Amino acid sequence: MNEPITYYAPASVGNLSVGFDLLGLALEPLDGSHFGDRVTVGVAKPGDQSPQLSFHGQYASALPSDPVENVVTRCLDLYRAELGMPACPELSIKLTKSLPIGSGLGSSASSIVAALAAINQWFDNPVDADGLLDLMSKAECGVSGEKHFDNIAPSYFGGLVLCESLDEPPQFLFWPDAWQIIVAYRNTEVKTKDARNVLPNSYPRSVLVSQAASLARFVHGLGSGDLELAARNIVDLVAEPYREQLLPDYSQAKHHALQHGALAAGISGSGPTMFAVVDHAEKAKELADWLGHHYARDGFVKLCTVDRIGARQLTGVNREVH
Ligand code: HSE
């Protein structure tokens, strides 16, 4: 009774170049480690002050010091408003921040998804999956200035997910077992809002047609088993041409990746992380090593596959609040 509840939500690549704001991939490191934030909900210690939010983990120090500004507080406020609940001074919420902020790895989405899933579980799940996704998108909007589902949907559901609004159910696309994805994080912050501000408000018709064709070919290639077609169409005419200027060394690193075995490469989310898709284990290791030295430098590189589970409750030692 009143045992703390911990949720983990994986990092994600969204956009995956070809589906701006609508396509995202949940990540699972090949070494079996966790790669995402955790949120634990429990009962506050007597005498604690509200809001009883605490930050832990490698990147906790980069969070706003005022808990009121934290996205987890926003999640709780949205959740309470949705259910017409009063304040919850009895709750303790612990955020373990394992993803760097402004990284392009769906860091805010990971916190949001873990927080709302844990809070909902704590109250015996009165909000269904659609309702929770709606709340997650509102919390994400508070961070980036606009609603987009390409990080929260894969982080919540797992997989390679096409989700652009709540008007249609999420579509789960096939991710080939042979495809590994390298993510190379460079230790600089790119705020999603800033990276969205460099994008034009409108695009030439020819760009819209080409990008639509690429997305259709990508989906068709995955569905029909024509993986070369799919990989060839992981291209970005919407964001990359404008965001490259924010990412020193990105163009050279992408060029190197494509010359050395990557099937595709692009900006993960709004950067600075870049990704490369490789279908050959040895080449993937070599490229990961190169990206570590030449792009990530003081950041990190992870060799990943798809996380097919998404947000999940952790048990055992992870359930402790403090
Ligand atoms: N789709 C969003 C963007 C993701 O590219 O702006 C931000 O992480």
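| Ligand atom | Side chain (N or O atom) | Distance |
|---|---|---|
| oxygen | N151 | 3.3 Å |

Of the 260 Å² of accessible area that the ligand has on its own, the protein covers 97%, with areas taken by the Shrake-Rupley method with a 1.4 Å probe.

Residues are numbered from 1 along each chain as its sequence is written, and side-chain values use heavy atoms, without hydrogens and water. As the model is predicted, local features need pLDDT of at least 70 and side-chain atom pairs count only at pLDDT 80 or more, whereas totals for chains, interfaces and linings use all residues.

The residues around the ligand, each with a heavy atom within 4 Å of it, include G14, F20, H148, T192, R196 and R243. By class, this shell has 1 nonpolar, 7 polar and 4 charged residues, where Gly is counted as polar and Asp, Glu, Lys and Arg as charged.

The domain assignment, automatic or from a database, gives domain 1 (5-173 + 307-315) and domain 2 (180-305), and the shell around the ligand draws at least three residues from each of them. The centres of the two domains, taken over C-alpha atoms, are separated by 24 Å, while 37 residues of domain 1 are in contact (heavy atoms within 4.5 Å) with 39 residues of domain 2.

Methods
Polar contact = N/O pair within 3.5 Å; in protein donor to acceptor, adjacent residues only side chain to side chain.
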